[in-house]
Amino acid sequence: MSRLLRCILPVIVLTGLVPALSSAQYKLKLKYTNSSVYAGIEIGSKGVKMSLLEIARNSKKIGSFNILKDTSVNTDFITFNDASFSATLTSVCNLYAAAFLNYNIPTEHIFTVVSSGVKIQAEKDNKQSWINRLADSIRFKTKEPKRAVDVVDVLQEARLSHLGIIPESKRYTTFLIDIGSGNTKGGYFPNGNTKDLKLFQLSWGTKSTANATEKRCDGDKGIANFSKQLGRVIAGPVNTEVIYTINESGAYNMSDNIAFSGGIAWSVATLLLPELTDNAVVSVTYDDVAKFSEKLSASYNAFSDSAIVKNIKDNTLDKAAIAKEVKRVHQVFDQRSLLSGTALLLKIMRQFEGIYEKKQFYLIKNGQVGWISAYVDQNISQ
């Protein structure tokens, strides 16, 4: 038994994440005839994610990779306590073991990276030592003392997200905006190259908007009052920051396409256009999202998995798969979170609803694999 296997086998047995070794190997559906498979493990604010991607061996073109699989485990690392630390370390080791054992990926093809969200929160709370401790623990558990555990900053992550999500044909005409839980970030390439990214940042995200609204609700916890107070949060501090930041970015004049990623983009796309569940990217209008937001408040039950499937008339669609994806949305976001994230999305979209020039809006559902995939792609292309 190899030294690596001796290290990770106890984790496998304890958690049951990886099946018995005799039947643990899974086949991946590859796209290229001559390629290699890599794994990128991201340690994020709320959990650990792993993306498996295929890259053609002779490819020098960044962005020409094929996403094979992505998975995630919620661990809430940024609470910086012993329980979340242990859960995060275990999840990293489990995903590492799955990549090595289930998918036969060599250890040198497995990358481990800490996201900018963790970096920002650690700096804010003076908890950088927790990141260093986690990195050392990963090296110890994997028996790889020289394993790189990079920590990316906001600019790096925004640039990588653009490279990993936006197709090359729209590279220099698209403004990418990732609406996260606590903040929003993104950018575009104004100078016709991928080195110079114009960074876009907001201190508002889905959860931070919902939290600010909850504080205004006092004793009235009803949806009607929440919606009223949400309107005031959006019209007040959110509005001021959004208008200033978008104007300062110069994105309106430089971009034809406005693409949104993040949890709320996936949720809105799934509930608004359930028949397009298999589509990673969907096109929407401002009016589409505005009507969706109104219905969220007035007729929330219409977005249950049973109600949505009942209204689908096309019997060629996989209704079970659609219902499963809708259920996933409701497991991640409750009504208040959906209202808050959609309100923030609308506020940003509104700044691009020009009278004389219309922008094309896109919602990206698999954005979570974008930057880590581009990170791996870039690192092996260097």
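I began just after H3, where Asn126 takes a positive phi of about 55°. I noted that helices (H or I, at least four residues) and strands (E, at least two) are DSSP runs, numbered from the N terminus.

**Ground rules.** This is a predicted model: local features need pLDDT of at least 70, side-chain atom pairs count only at pLDDT 80 or more, and totals for chains, interfaces and linings use all residues. Residues are numbered from 1 along each chain as its sequence is written, and side-chain values use heavy atoms, with hydrogens and water left out.

**Positive phi.** I wanted some background here. Most residues other than glycine have a negative phi. Asn126 is not a glycine, yet its phi is positive. I found Asn126 in the loop between H3 and H4. Is Asn126 buried or exposed? Asn126 is exposed, with a relative accessible area of 62%.

Asp76 is not a glycine either, and has a positive phi of about 60°. Asp76 sits in the loop between strand E3 (65–74) and helix H2 (82–102). Asp76 counts as partly exposed because its relative accessibility is 27%.

**Helix H3.** I listed the buried residues of helix H3 (residues 116–125): Ser116, Val118 and Ala122. Seen down the axis of H3, they fall within an arc of 160°, so they line one face of the helix. The arc is that of the directions from the helix axis to the C-beta atoms. These buried residues pack against strand E1 (35–43), strand E4 (110–114), helix H4 (128–142), helix H5 (154–165) and strand E7 (184–188). Contact here means heavy atoms within 4.5 Å.

**Helix H10.** I checked the length of H10 (residues 286–298). At 1.5 Å a residue, its 13 residues should span 18 Å, and its end C-alpha atoms are 19 Å apart, which agrees. The expected span is 1.5 Å times one less than the number of residues.

Which residues of H10 are buried? They are Tyr286, Val289, Ala290, Phe292, Ser293 and Leu296. Down the axis of H10 they fall within an arc of 160°, so they line one face. An α-helix has 3.6 residues a turn, so residues three or four places apart point the same way. The face of H10 turned away from the buried side carries the exposed residues Lys291, Glu294 and Ala298. The cover over the buried residues of H10 includes helix H9 (263–272), strand E10 (281–284), helix H13 (335–350) and strand E11 (360–364).

**The sheet.** I traced an open sheet of six strands with mixed pairing, in the order E8-E7-E6-E9-E11-E10. Strand E8 (198–202) and E10 are the edge strands, as each pairs on one side only. The twist averages 20° from one strand to the next. Two strands pair if DSSP finds at least two bridges between them. E10 and E11 pair in the antiparallel sense over four bridges. Val282 stands opposite Leu363 in E11.

**Confidence.** I finished with pLDDT, the predictor's confidence in each residue, from 0 to 100. The mean for the protein is 87, and 91% of its residues reach 70 or more. Among the elements, helix H1 (residues 3–15) has the lowest mean pLDDT (46) and H13 the highest (97).

Methods:
Buried means under 20% relative accessible area, exposed over 50%, partly exposed in between (1.4 Å probe, protein chains only). Axes are lines fitted to C-alpha atoms, for helices over the stretch in contact, and angles run from 0 to 180 degrees between N-to-C directions.
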